[in-house]
Amino acid sequence: MNGAPPAVVVRDLVKRFGDFVAVDNISLEARPGEIFGFLGPNGAGKSTTIRMLCGLLLPTSGQALVAGLDVAREPERVRQNIGYMSQKFSLYNDLKVIENLRFFAGMYSVPAADLKERIDWAIDMAGLAGREQLLTGTLAAGWKQRLALGCAVLHRPPIVFLDEPTSGVDPISRRLFWELIHRMADDGVTVFVTTHYMDEAEYCNRLVLIDRGRIVASGSPLELKEKSMAGDLLLLECDQVGKALEELQGAPGVTDAAIFGNALHLVVASAQSAIPQVQEFLATRGITVSHIEKIRPSLEDVFVSLTSLNRDRDEGDKGEANRDQGDKRDKGGTKDKGDPTGTAVTDEKKGQP
Amino acid sequence: MLGRLRQMLIKEFLHVIRDKRARFLLFGPPIIQTLVFGYAATLEIKHVPVAIVDYDNSQASRDLVSRFQASRYFEVRRIADRREIADLIDRDEVTMALQVNSGFARDLGKGETAHLQVIVDASNSNTALVGLGYVNQVAQGFARDFRTAALERQAPALAASLPEIVVERRPWYNPDLTSQWFFVPGVIGNLVLVIVVTLTAFAVVREREIGTLEQIMVTPIRRTEFILGKTIPFFLIGLLDTALISLAGTLWFHVPLTGSFLVLAAGTVCFILCMLGVGLFISTVSATQQQAMVTSFFFIMPAVIFSGFGSPISSMPVFLQRLTYLNPLRYQEVVLRSVYLKGVGFDVLWPQMAAMALIAAVMLTVSVLRFRKSLE
């Protein structure tokens, strides 16, 4: 794939809604056949960016090229080259499976010669063989999700945008869905996907982390894990986890602390010196440490660490007014360090196998 | 291009067929409203329940009372005591009460003014007004006959030479003054208004609500194709409903379609275009189906009231009369009733059609522009 022109090019893209900056000067490139992950907390600007790339929203400024076409100038040609699926699995529940497929095939002008083959392919892919005549509304979420994907790619688009495609489906369906994504990527389709599931982010070839409308980090999952954490990560198991978290947040040598399941993750400058320091610190406060070790950061750690770093900087240089806006946008999402973003991410992770 | 539009149309018809509410809107209101307006709604006031207390109990008073009893406009109930009146009126058992005081015959005999007291429940001012008119008619008839009889006794020659005016009633277009003939054509306009506006508004808003609007907008479909796909089905449904109700009116209620079907169809097309514009407009200001419902009612209620469907526009305050010129239903009611009963053609109805065409052009332009914008 090297040398081929990029599938998606975004340059200095900005979207403002009134005073509120939803997407703040984003630039990125996705290569053909790449699974490009767009990661960020709720309200970070992921959906807004995708909607601009699909021509659903006009950017305030900047440029987006999709399949080499300027989205602002040739939206209709762009649309023939993309598939789009949102978290709502927007199908017609009152139409039968086959009627939904025929409708979207019609919208994309799938040639009559290909029609049967493409519809059969989509039915097969969604695992809906024999259920063509069912009303779509009666299908379980996982089936609906795969049917929605089938409808979105009936015309074999080279680029597919998936906006939180796995929200609300069970873990097995999610796994199946990601297999489909990988198969499409193997066929050379560029998959542009937003998610806030960390395990899904691991499946991506490349990730962009976005927070408050800005890109805070990018690279492969491995690169992100290796480069983006300042310092070492410690896993700490102890009694009175809640109290420990409170105490450690201001403790010397501890940059950050967050709850992960039943344990705590601590970001420290150096594991070697911090381990005895933390143990002693907690012991003097009546907390017994049962286990402490240096671990390799997961994407989740990176995510929490980077988004909070970004927040601190934001507060530092822009002051209160901006902060208020950010809070409104988050709708209760990312207010203080490690919480609730950290908790939300953790909860979601716990729900997975 | 045609392929996409065809798919849109297939889909829209499937929605209407599968959606309970849409199916009901399609057949429910036409049936119910045609029956309601065919049978129940009437401007005539008949069988007004009236209590009569006669304290005179003379030949003359009995004669007067029997005239009320003979009239088809009244249901007479004799009472003995006027103190019953208040209670009867409070309980809605009677709408009016007549009281003949003792001395009624004596006063008449002396050639003095005799009094008939009429108490009327004016909480429904219309019934009260019409009822008073009927009472007046009966009483005047009685007085005239009484005077003539007296004159004939005393001066037969003079009585024979008194001039008289006889009203010769020739009600054109509706010789029996059947209110069904007035209401059934009128209801066609109401129904098409309700059905086309709500179905159109819902069809778009529902897609926005469930997210399919966005899904369609990322396909290469053109905005024009989408809008046509959303309006053509309801245009056809409006025509179908008009045909259905016309048929029911003609076959069931025997309302004669005097004029040309073509003229009726032309007016209906102009009218439906207006309603499509309104429906689309509502869809651009409503985010949910509930909002669309409420907004539709905001439009439907005044549109029907200020259309001349029930109460005549000429009785409204001048300011409101002027406002009705903005109401497409006002023109369509004229077209419907004129074509049905008067049998007039384009030569008479072109101003109504032109007005509707103009409103349709403005409404559709505004709505389509707003609609396109709402898609961005």
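In this predicted model, 21 residues of chain B are in contact with 20 residues of chain A. Contact here means that the C-beta atoms, placed from the backbone, lie within 7 Å. On the side of chain B that touches chain A, two or more residues come from each of α1 (2-18) and α9 (212-217) of chain B. The most is given by α1(B), with 8 residues. Sorted by class, that side of chain B holds 7 nonpolar, 7 polar and 7 charged residues.

Let's turn to chain A. An unreviewed UniProt entry places the feature "domain: ABC transporter" at residues 8-237 of chain A.

Next comes strand β11 of chain A, which covers residues 232-238. How many of its 7 residues are buried? The count is 5, so β11(A) is mostly covered, a residue being buried if 20 or more other C-beta atoms lie within 10 Å of its own.

Two pairings of β11(A) are set out below, and both are antiparallel.

| Partner of β11(A) | Residues of partner | Bridges |
|---|---|---|
| β13(A) | 263-268 | 5 bridges |
| β14(A) | 289-295 | 6 bridges |

For a closer look at the residues, A:Leu233 stands opposite A:Val267 in β13(A). On the β14(A) side, A:Cys238 stands opposite A:Val289.

Terms used:
Residues are numbered from 1 along each chain as its sequence is written. Chains are lettered from A and ligands numbered from 1 in the order in which they are written. This is a predicted model: local features need pLDDT of at least 70, side-chain atom pairs count only at pLDDT 80 or more; totals for chains, interfaces and linings use all residues. Two residues are in contact if their C-beta atoms, placed from the backbone, lie within 7 Å. Helices (H or I, at least four residues) and strands (E, at least two) are DSSP runs, numbered from the N terminus. Ala, Val, Leu, Ile, Met, Phe, Trp, Tyr, Cys and Pro count as nonpolar, Asp, Glu, Lys and Arg as charged, and the others, Gly among them, as polar. UniProt positions are given in the numbering used here, feature names are shortened, and annotations may be inferred rather than shown by experiment. A residue is buried if 20 or more other C-beta atoms lie within 10 Å of its own, exposed if 12 or fewer, and partly exposed in between; C-beta atoms are placed from the backbone. Two strands pair if DSSP finds at least two bridges between them.
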